Amino acid sequence: ENDDDVSKNYNIIYDKGTLTVMKRKLVITTPDGEKEYDSIKLSMPGHTIIEGSLLDNHSLKGDSPMSITEIGSVTNDFNPTVYDENNNDVTCNYEIEVRPGTLTINPITLYIEADSASATYNGKPLEKNSYNITHGSLLTAHKADMTVIGSQTEVGQSENKIFGKNVKWLTNIDVSHYCNIEYSYGTLTV
């Protein structure tokens, strides 16, 4: 009543509680990237927080060290670090899940067609030793290394076929593995 301490009249037992601060959850994605082979490095830096949020005075930085130049796929990794307003690393206060994208370089898609030709019968062989790339294109440093062989002398038709189906650097190194090539034969008609 009088604000007198009467604690001595009680047997007080203390049961200590626990205060727990849970880590703040973040889910981060990195972008996907895809293209046909062109000998130029593919990288897709950047990230997006798709779940959770940073505290107002915190910032997320990191690097996306991945890139790809050759045909294939790699994971677009991201190494995040969270900083407070004083540029102190406070990443330990966050539970961060990174869902990385994928970087992919596909072979160059080429459709190559042997040329067709027709002529009136004259007793001489009809030949058309040429072809056209009807879809896609070779890189400047690449050349097609193929031969079209066909001949029709008598009245009728025959296939004008493509042989030696390779793509090479201008230095004659085979780089056919950079290409997904589909061929179609031409027709020689007399």
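Biologist: Why is serine 39 called partly exposed?

Modeller: In this predicted model, serine 39 has a relative accessibility of 40%; because buried means under 20% and exposed means over 50%, with partly exposed in between, the value of 40% places serine 39 in the partly exposed class. Serine 39 belongs to the loop that runs between strand E2 (33-36) and strand E3 (48-51).

Biologist: What is the phi value of serine 39?

Modeller: Phi of serine 39 is near 70°, and this positive value occurs in a residue other than glycine. Asparagine 87, which sits in the loop between strand E6 (79-83) and strand E7 (94-99), likewise has a positive phi, near 65°, without being a glycine.

Biologist: How do you know whether glutamine 152 is buried or exposed?

Modeller: The relative accessibility of glutamine 152 is 11%, and since the buried class takes in values under 20%, glutamine 152 is counted as buried. The residue is located in the loop between strand E12 (142-149) and strand E13 (157-169), where, leaving out residues up to four places away in sequence, glutamine 152 touches Lys124, Pro125, Leu126, Gln157, Ser158, Leu188 and Val190.

Biologist: Why is threonine 104 called buried?

Modeller: Threonine 104, a residue of strand E8 (residues 101-106), has a relative accessible area of 14%; as the limit for the buried class is under 20%, threonine 104 is therefore buried. Its side chain makes a polar contact of 2.9 Å with the side chain of serine 73, and serine 73 is also among the residues that threonine 104 touches, including Gly33, Glu34 and Leu42.

Biologist: And what is the class of methionine 66, with a relative accessible area of 25%?

Modeller: Methionine 66 is partly exposed, because 25% falls between the limits of 20% and 50%. It lies in the loop between strand E4 (59-63) and strand E5 (72-76), and, with neighbours within four places in sequence set aside, methionine 66 is in contact with Ser43, Val74, Thr75, Asn76, Asp77 and Leu103.

Biologist: What makes the link between aspartate 38 and lysine 35 a salt bridge?

Modeller: The closest N and O atoms of aspartate 38 and lysine 35 are 2.9 Å apart, and because a salt bridge asks for a side-chain nitrogen of Lys or Arg within 4 Å of a carboxyl oxygen of Asp or Glu, the pair qualifies as a salt bridge. Aspartate 38 is partly exposed, at 26% relative accessibility.

Biologist: How do you know that the side chains of lysine 161 and glutamate 159 meet in a salt bridge?

Modeller: Their N to O distance is 3.8 Å, which is within the limit of 4 Å, so the side chains of lysine 161 and glutamate 159 are taken to meet in a salt bridge. Lysine 161 is partly exposed at 32%, and glutamate 159 is partly exposed at 44%.

Biologist: How many salt bridges does the structure hold, and which residues are linked in a network?

Modeller: The structure holds 5 salt bridges, and the network links Lys25, Glu95, Glu97 and Arg99. Within this group, the side chains of arginine 99 and glutamate 97 meet at 3.0 Å, N to O; arginine 99 is partly exposed at 39%, as is glutamate 97 at 31%.

Biologist: Why do strands E10 and E12 stand at the edges of their sheet?

Modeller: The open sheet has 4 strands in the order E10-E15-E13-E12, with mixed pairing. Strand E10 (117-118) and E12 each have a single partner strand, so one side of each is left without a neighbour in the sheet. E10 pairs with strand E15 (residues 186-189) in the parallel sense over 2 bridges, and the bridge partner of serine 118 in E15 is threonine 189.

Technical notes:
Residues are numbered from 1 along each chain as its sequence is written. This is a predicted model: local features need pLDDT of at least 70, side-chain atom pairs count only at pLDDT 80 or more; totals for chains, interfaces and linings use all residues. Side-chain values use heavy atoms; hydrogens and water are left out. Buried means under 20% relative accessible area, exposed over 50%, partly exposed in between (1.4 Å probe, protein chains only). Contact means heavy atoms within 4.5 Å. A polar contact is a pair of N or O atoms within 3.5 Å; within protein, one must be able to donate a hydrogen and the other to accept it, and residues adjacent in sequence count only if both atoms are side-chain atoms. Two strands pair if DSSP finds at least two bridges between them.
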